[in-house]
Amino acid sequence: IVFPGNGPSGICLSYLLSGYTPYFKRHSVHPHPILQRKLEEAPEVSVLDQDLEYLSEGLEGRSHSPVALLFDTLQRPDTDFGGTAESVLTWWHEPDRAIPHLVLGRNAPGGAWHSIEGSMVTLSRGEWMGLPDLPFKEWLKQKRRGLRNNRATAEDIAQYYQHYVKKKGLQKNFRCGTVVTSVRKVSADSISNQTQKDLQEDSDSLWNSNEKSTEVFQVDGFFKTEEGDKEPFSICAENVVLATGTYDNPTWLGVKGENLSYVHHQLSALEEAVKNNSVGIMSDPVLIVGAGLTAADAILFAHHCNIPVIHVFRRRVTDPGLIFNQLPKMMYPEYHKVHQMMKEQTAACAGPYEHYISLPEHHVLSFGKDKKCIFQDKNGCQKAYKISMALVLTGSNPNLSFLPNDGIDLAMDSDQPVNPKRNPIDVDPFTYECTQEKGLYALGPLAGDNFVRFVQGGALAVASSLLKKANKNPP
């Protein structure tokens, strides 16, 4: 089994496929009485080997995935009500149930968390960022650190995921510095023995294909060596799990001049510009486009550095769909502050915040070579501003260029590109196997699970399905 993507989804699945097996902890009590009764029916049978559809029936919460809700409530029984009840799971290491697998990733284990500015604070509560059987809070205590407002920094999260892989002995399954360029179905007979050699190293048993299978997936790509060279590899697997997340491919507006050198699509460009002193308190404003949390992070960063900002977004400030209108003020004071700025500091009326102008219900028409940017409001009136740089932060899409037709055929709507919020990959809700391609699975944002606490249920579903296929389930 090969899975591109070594973020939280990939790490959690590797843990479950390495023989770590969850059981209901005897004498523990779950606050959901119906679930408690179901768990007591067969405490000697691992959760992986039980009927996940039956266990998750009737659960409600902040995810649309029944298995995500199940695994979350088993690990954090009353967390949505502010409780701190212990997990009702106990973990046993059963090495004979391990399934050989490889996790391929560009970065160190943790995926995109290594690309996010280290001091950024997570949207989710810190304890929700943890993986099975190693609570994040406990790890943080060992570092003699605490959570700020119950939330953690991106740097802490990235370090925790690396520590988790080492602590649980998963390193042998991970290959970092790899880029997957192609995943496609091929006839098993057409595979020469030569294609199996590159990633093998000390994992000789990994590529022994099941002789019954007539088709396998061929995964091609390259390693980046320490010298900077690219070494190609080609491996075959009966099952492939897509866990690549969505951080790779920022959304573009599709307007004239967007490819000019001063227009950027990642927050890191602003951090770099501040480091290089190419923007500062005396420079022309930085344009920030978007009304999500990444745009808010950019505004907070610029505000902290006294950099003037023009903030353009399409929605009304009072739009209920705006993320700021869905966040509790007490828990997210800094995002509440950005929302206040958006409301009180429009171009039409000056407010108390220096160096910031909000332009709600506007969109960008064009970027000029002279760094003049033209906006249009809802009434068709146009405005021009001279800016120092632009940050278009309107979300991102997964990069699935390694799949035939960019993976569009796998999506819920097979006429549109895969999008984690609007058009995820169509998967079976209890196995996470793609409905359009047997043997191919999708996890995390690709399958519509956008929070770390909920991607783990997908990993449980995939592991359960793969154990059944490999006949590693006890009778």
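Predicted model: local features only at pLDDT ≥ 70, side-chain atom pairs only at ≥ 80, totals over all residues.
Some ground rules. Residues are numbered from 1 along each chain as its sequence is written, and side-chain values use heavy atoms, without hydrogens or water. Local features need pLDDT of at least 70, side-chain atom pairs count only at pLDDT 80 or more, and totals for chains, interfaces and linings use all residues.

Aromatics to begin. A pair of aromatic rings is described by the distance of the centres and the angle of the planes. Rings of Phe, Tyr and Trp (its six-membered ring) pair if their centres lie within 6.5 Å. Planes under 30 degrees apart are stacked, over 60 edge-to-face, the rest tilted.

The whole structure holds 10 aromatic pairs. Take Tyr15 and Tyr20: centres 4.3 Å apart, planes at 15°, so stacked. Tyr15 and Tyr20 are buried. Buried means under 20% relative accessible area, exposed over 50%, partly exposed in between (1.4 Å probe, protein chains only).

Now Tyr160 and Tyr164. Their centres are 6.2 Å apart and their planes at 55°, so this pair is tilted. Both sit in helix H6 (residues 154-167), four residues apart, about one turn of the helix. Helices are DSSP runs of H or I, at least four residues, numbered from the N terminus. Tyr160 and Tyr164 are buried too.

Ring pairs join Tyr15, Tyr20, Phe71, Trp91, Phe136, Tyr160, Tyr161 and Tyr164 into a cluster.

Which residue lies in helix H3? Glu53 does, within residues 52-56. Glu53 counts as partly exposed because its relative accessibility is 48%.

Terms used
Helix = DSSP H or I, 4+ residues; strand = E, 2+ residues; numbered from the N terminus.
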